[in-house]
Amino acid sequence: MESEKSPAEFFAENKNIAGFDNPGKCLYTTVRELVENALDSAESISELPVVEITIEEIVKSKFNSMIGLVDRERVDAELYDDFETAKAREKRLAKEARAQELQAKNAALGKKVKESAAPKGVKGRGEASFFRVTCKDNGRGMPHDDIPNMFGRVLSGTKYGLKQTRGKFGLGAKMALIWSKMSTGLPIEISSSMKSQNYVSFCRLDIDIHRNIPHIHLHEKRDNKDRWHGAEIQVVIEGNWTTYRVYSIIAFPIILLEFSLLFKHSKILHYMRQMAVITPYAQFLFKFVSDSPDKNVTIKFARRTDVMPPVPVETKHHPSSVDILLIKRLIAETSKTNLMQFLQHEFVNIGKSLAERLIGEMGPDFSPKMAVKSLTDQQIVRIHQLFRQAKFDDPSGDCLSPAGEYNLRLGIIKELHPDMVATYSGSAQVFEGHPFIVEAGVSLGGKDVKHGLNIFRFANRIPLLFEQGGDVVTRTALKRINWNTYKINQTQDKIGVFVSIVSTKIPFKGTGKEYIGDDISEIATAVKAAIKQCCIQLKSKIVKKMQAREQQERKRNLSKYIPDAANAVYDVLKEMAKSHASKKKRFAEKDVDILQKVANQLITKETLKEKLTEHVEKVDYEMALEYATQSGVSEEPREDIYLQSLDATSNFLDFHSTTFIFRLVQ
Amino acid sequence: MADKKKRRRTDSDSDSQPFKHLLKSDEQILQMLKSFSSSFASSSTSKPLTLADLSLASTCREVSDLPLSSVQSNIESLVLQLAHQILSGQGFSFTVPSRASTNQLYVPELDRIVLKDKSTIRPFSHISSVRKTTITTKILSLIHQLSLKNIHVTKRDLFYTDVKLFQDQMQSDAVLDDVSCMLGCTRSSLNVIAAEKGVVVGRLIFSDNGDMIDCTKMGMGGKAIPPNIDRVGDMQSDALFILLVEKDAAYIRLAEDRFYNRFPCIIVTAKGQPDVATRLFLKKMKIELKLPVLALVDSDPYGLKILSVYGCGSKNMSYDSANLTTPDIKWLGIRPSDLDKYKIPEQCRLPMTEQDIKTGKDLLEEDFVKKNPAWVEELNLMVKTKQKAEIQALSSFGFQYLSEVYLPLKLQQQDWI
């Protein structure tokens, strides 16, 4: 007998569609879900976000003791998958010996040898790694009694209204809980407190996947001595940190270079860095803790601004964006009784007169006063068809909350330290009834940016890290921007391309919702236009810089060609002098003079070189003078900077003067 | 004879070759071609117009073949000028005729592109021109050496004399054309030749450096067109027309089938964009043998572009268009209208890319296309249907369809424009 599947079961079985493909990606997705929840929570109460993420590596023995399992030594070695047979061992030893021999040979020859890769530790299938992920924020927190259901029950179906949201699946921490249940069986721990609550809610629970209900271990109120508000979520999952490497193009912040190679390519760190770019008003503290101290990492992504984008507001559906199913649901949920009111109140951009015209167009069996709940299936299809074909005003972008040009710019400067940066914010545009805004930034140079294009993609203010090949931003930057036009060298320069798209519905492609398709011409056009605008800004800066450099290098560049030119001229003169001497040819009076001097070594290559050098110096001097008078003293435009506020506890000493106070922080 | 028998046999199973039934006997076609060819020969005796005839000589620039001694003395007087300038401490500069597209003019009376008289100054002491000026000086000195020793070198040889300075061959090649313009002589007069590219096969006998060549006895590949035209002479032929083929593949087909024995003709190809030697050779054949030229190119904008290079010249070498162009080339095929006329199946047609369509539209603006209303019509059809096809599309009816049905039928119907 087949029983109906609960939503939790569905996601447990299809965890890949929520970004839980393999242990490495599970850890990554868990972190991002928690971080994005934390940001949403803080922003919803207009609090500048402070987010702390800790990933603690748990070795197998420790994990076993956590779940009360006794570590057992292997007795029957041959039972295991990674058992090395005598033959395999012989083969491996022979290979290692050969490698050693080669190395010795090279060393003897004085060749510089690459450090040969250390033999990989044999790792069997069962050798899983476990991590405790903790995320703490200063957000809204959760009402004490709602906590179990917020984590332990997976609801299907989308929300009623329409809103720009960070989350891609609306599952958040629930999916992490399902994964922890599947991989470790350990419960999730939640601490939460809301503003002006004098207690902290603590809850330890796991989920009954089959029945889709929370299974509460502990739910209690504790003291809130620090008047803290926010949430702290802790979950233990199987994951993979070391081998989860990226083949991506994004370079790394300088601070990380000091850490061991191990961390150099972690996707999670890329994510944190890009999040810091797009959310410069948040402060992130990232910690990785393990048993071996050399692997430990602590990074603080500091706040650079206190300007926060507004919270996105919920909006009603645009008539050209709805499908039949959605119309049916809106009808079921509406509080309005007749068709006229329904059209006016449940959709944007339908006014009274338009609603009347629409109903008139629907046909004779429709009337403004008819009960909306009595509409037949056929009638609903008719409404849908009309919605598709009729002309409506575009939805406004007011409900969107873009990162903002200022914040994007700050984020880029803060994390990349580029030589030049330009940003642009487009106006709201529409795709299938959903408004979207494209913002872009293009940077040149910077620390730890690789040569060529470095692409940073953001959708609804979260970074996209996977499947960048097919993405509209990648393809536009690679194929549709002629970088040469803007004096940018696509392969040599360190180009950072940042594109942030916000919308009430991001048209993601792929199961993991990791990229935006290239087939939507509205978005492709807007992306191209935004990047182009940045390039145009950069071009004038680059041209100025090139002119300045040309000034400096003119003399050298001209002088470089003097020998070639002088030699070529002299070679011809010498041949002519020869034929003149042998009376093969006759020349004019003034030319004869030169040819004779050449024949008598009075004019040599050196003479020509000297004369040319003199001329070049003269020209250089004149042009430098001209440049100086034309360009004058130029100033770079000033940029606002954000000074981090000092902790109130700091000790300082004031020096008072009549016009100012000078404060010395101790 | 064995060859002929074979052909007869393939004739019998002609169901898969549409339009074959329309073909008249070879004798009838030949008769018709002969009358066309002789009427052409009598009509083309008039002397070609020159710039001077149109009183454009002062506003347009044209080069001529110069003897080596004049090239040498031109270079010498130029270098002496440079020496004077340098010694007086003024640096030096060249005055180079501009070969930019704004300085080109299509003269309908001549049916070719000519160069207008605008020049640019190329001073040594300017950062944007110092490189080109130095390269120009170097090339001048190299040509001077060639003229002293009276030898020929290839463009590649020239480039390899100073790879460090020239960086890539495009640069030395471009400056070589500038030098031709400056000295007022053709590129062949500079004793610099391009590597052999074009080939010719068919009813043609000519002397190459004194050796008599019979192009019917050159095997399948034909005779490579000599890079310097001045060693070619004594052309004789009993051909009725010259068949200009865009691509190697079609050329090989026609050569192997010995198409020129069925319909006496000379088959030429430059394997794509024509080089100077092939263009000179075609021109020489046309003038000396007084034969009509029929072109077989792909049905795409580039096919027409190649046709136009043979016909009216390229912008890059417009300064020598008088010597390089062969006027009155007939567009035989494959024309856009042939796609439907010959029922070329859909799977052999290709959709035009955006770039193709743009090139097609640009061509429609060109004067040399506009002057021929039939061409405009064909090109309009191409841009409208957004379809292109290569000569090889005909192979869908059998590899020999081109030589056995398509071309004979075209000739029979005198279907050229």
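Student: Why are H14(A) and H15(A) called oblique to each other?
Tutor: The axes of helix H14 (residues 472-480) and helix H15 (residues 521-559) of chain A cross at roughly 55° and come within 10 Å. An axis is a line fitted to C-alpha atoms, for helices over the stretch in contact, and angles run from 0 to 180 degrees between N-to-C directions. Angles under 35 degrees count as roughly parallel, over 145 as roughly antiparallel, 65 to 115 as roughly perpendicular and the rest as oblique. H14(A) and H15(A) are therefore oblique. This is a predicted model, in which local features need pLDDT of at least 70 and side-chain atom pairs count only at pLDDT 80 or more, whereas totals for chains, interfaces and linings use all residues. Residues are numbered from 1 along each chain as its sequence is written, chains are lettered from A in the order in which they are written, and side-chain values use heavy atoms, without hydrogens and water.

Student: Which residues bring H14(A) and H15(A) together?
Tutor: From H14(A), Val472(A), Val473(A), Thr476(A) and Arg480(A) meet Ile523(A), Ala524(A), Val527(A), Lys528(A) and Ile531(A) of H15(A), contact being heavy atoms within 4.5 Å. By class there are 6 nonpolar, 1 polar and 2 charged residues; Ala, Val, Leu, Ile, Met, Phe, Trp, Tyr, Cys and Pro count as nonpolar, Asp, Glu, Lys and Arg as charged, and the others, Gly among them, as polar.

Student: What makes H16(A) roughly perpendicular to H17(A)?
Tutor: Helix H16 (residues 562-581) and helix H17 (residues 589-599) of chain A pack at an angle of about 95°, with their axes 9 Å apart. That angle makes H16(A) roughly perpendicular to H17(A). Residues in this contact include Tyr570(A) and Leu573(A) of H16(A), and Val592(A) and Leu595(A) of H17(A). The contact divides into 8 nonpolar, 2 polar and 1 charged residues.

Student: How many residues does each chain give to the contact, and what area is buried?
Tutor: Chain B gives 28 residues and chain A gives 31. About 2,700 Å² is buried between the chains, with 77% from carbon and sulfur atoms; buried area is the accessible area (1.4 Å probe) that two parts lose on being put together, summed over both. In chain B, Leu80(B), Leu87(B) and Ile127(B) lose the most area to chain A, together 23% of what that side buries.

Student: Which peptide bond in chain B is cis?
Tutor: The bond from Gly333(B) to Ile334(B) is cis, with omega near -15°. Ile334(B) lies in the loop between strand S16 (329-333) and helix H13 (336-341) of chain B; helices (H or I, at least four residues) and strands (E, at least two) are DSSP runs, numbered from the N terminus.
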